[in-house]
Amino acid sequence: MMNELLLLPVAEMCVVIFALIFLLKRLKQPYQIAYILAGVLLGPHMLHIFSGAEQTAVVGEVGILLLMFFLGMEINVPGKQSHLVKPLIAQGAKMVLGLGFALLVGFLEGWSFTDSIMLSVLFIFNSTAVVSEYLKQNGELRSEFGTTILNILIAQDILLAPVLTLLRFTGNKEFSIVKIIVPLVLSIIIFLLLRNLRNRSLPGLTGRLTSNTKEDHDFQVFAGGAICLSFGVLAELSGLSGSIGSFIAGMIIGRLPAFNWLEHSLKPFKVFFVSLFFVSVGLRLDISYLKTNYAIILGGTFFILFSNCVLSALVFRLLRYNWEQSFYGGALLSQTGEFGILALTVAYSLHVIEAGLFKTGIAITALSLLVSTIWINLLRTLTNRQKRESSLAGMQHQF
C-alpha cells in the first residue's frame, strides 16, 4: 500500500508532463513551460495530486545543481579579457538601473523600502535554465553573444549569496562580517578561475582511471553525482549558492578528457530533477489568489517583462551592441528566474515580506517564465523585420 501511495503521484505526474510536452513540442515551446503547467494541474488547487511544493522542491534544487554542472562542462570560456569584463559591467549596470527603477516605483506607489528591494530582486535575477535552453535550441550558446549572455547569468547566480545574506540580516538573524567577506573573497576567486580557464584543457591525469572504469556505469554515475553535489555543498557552506559550486565543478571536469562520459551518465538525472524544480514552481501558484488579484499579477508580469527588457537593452547598448542585438538580449533577460523564487522564499520564511507580496512575486515569476519564450520570439521577429526594412530602404536609397 505504501509503494502504491508513493508511485501513483509520480506516475500521474509523468503522464501529465508527457502529454504537455507532446503538445508543446508541436508548438515549438520549451519544455519548462510544460513542467510549470504540470505543477499547476497537479497542485492543491486543481487535481490535488500533490499537497504542496515542498514534496518536489528539495529534489528540484538538485536539478538546478546538475543544470549548472552541465553548463560548466559545455561553456567555452572566452579567451579575450573583454569577454569576461563585459558581463560584469553589464550585470553591474543592470543592478544599478534595476534598483533605481524599483526604488522609484516604490516611492511613487508608497511602498516600504523592503518591498522596493524585493521588486529589484525580480529585475536582478533571470532564469538561467530557460535562457540557456533557448540559446542551445537556436545554436547560439557557443556564440560570442550567447557566451556573454550566459556569463551575465553566471554573474547573477554569484550575486545570490550576498542577497541572501542581506535578507538574513534584515530578518534579524545572526549576522557576522565574516559571512559577507567569505562570499566576496570566493566570488573574486571564481572570477580569477574563469580567467585562468579560458578554453584551456587541463592535463588528463585520470586516463588510467578512465580505462579501468569505462564500462563501470555504476561508478560513473555516482562519481559524477558526488563531484557535482560535493562542490555544491562546499559552496553552500562558504556562503555562496550551491549552483555556483556545481558550475565550477563542471568547468574543471569539462576540461579533463578522462571524464567525457559524465555528460552521458548524468543527463537523464538532470532532465528529471530540473523538471521537478519547475513543477514545484507550478505547485507554489495559489490559483484562488491568482483569480482574486489577476489584474495586479497580469499587470505586474507584463510590467516586469517590458521594463526589464528595456533596462537590459540599454545595458547592451552601453556595451556597443547594435539596437537589434540589444533588444534581443533585453528580451532574453526580461523574465524573472528560479533564484528570484529562492530569494522570495527566504524573505518570506524570515518574515521580511508578507504573504501577499510573496504570493504575488511567485505568481509574477511563474507567469513571466510561461510567456518568456513567446515574448522573446515576438521581439526577435519585430527586430528582424525592422532590420530587413532598414536594409531594403538602404538599397532603395542607393538606387
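Helices here are DSSP runs of H or I with at least four residues, numbered from the N terminus. This is a predicted model, where local features need pLDDT of at least 70, side-chain atom pairs count only at pLDDT 80 or more, and totals for chains, interfaces and linings use all residues. Residues are numbered from 1 along each chain as its sequence is written, and side-chain values use heavy atoms, leaving out hydrogens and water.

**First stop: threonine 365**

Select helix 17 (residues 355–398) and pick out threonine 365 within that helix. Threonine 365 is buried, with a relative accessible area of 0%; buried means under 20% with a 1.4 Å probe, protein chains only. Now show the side chains of threonine 365 and threonine 336, which a polar contact of 3.2 Å joins.

**Next stop: serine 326**

Move to helix 15 (residues 323–332), where you will find serine 326. Serine 326 is also buried, at 0% relative accessible area. Select arginine 317 as well: its backbone nitrogen lies 3.3 Å from a polar atom of the serine 326 side chain. Beyond four places in sequence, serine 326 is in contact (heavy atoms within 4.5 Å) with Ala313, Phe316, Arg317 and Tyr321.

Note on methods. Helix = DSSP H or I, 4+ residues; strand = E, 2+ residues; numbered from the N terminus. Buried < 20%, exposed > 50% of the residue type's maximum accessible area, 1.4 Å probe, protein only. Polar contact = N/O pair within 3.5 Å; in protein donor to acceptor, adjacent residues only side chain to side chain.
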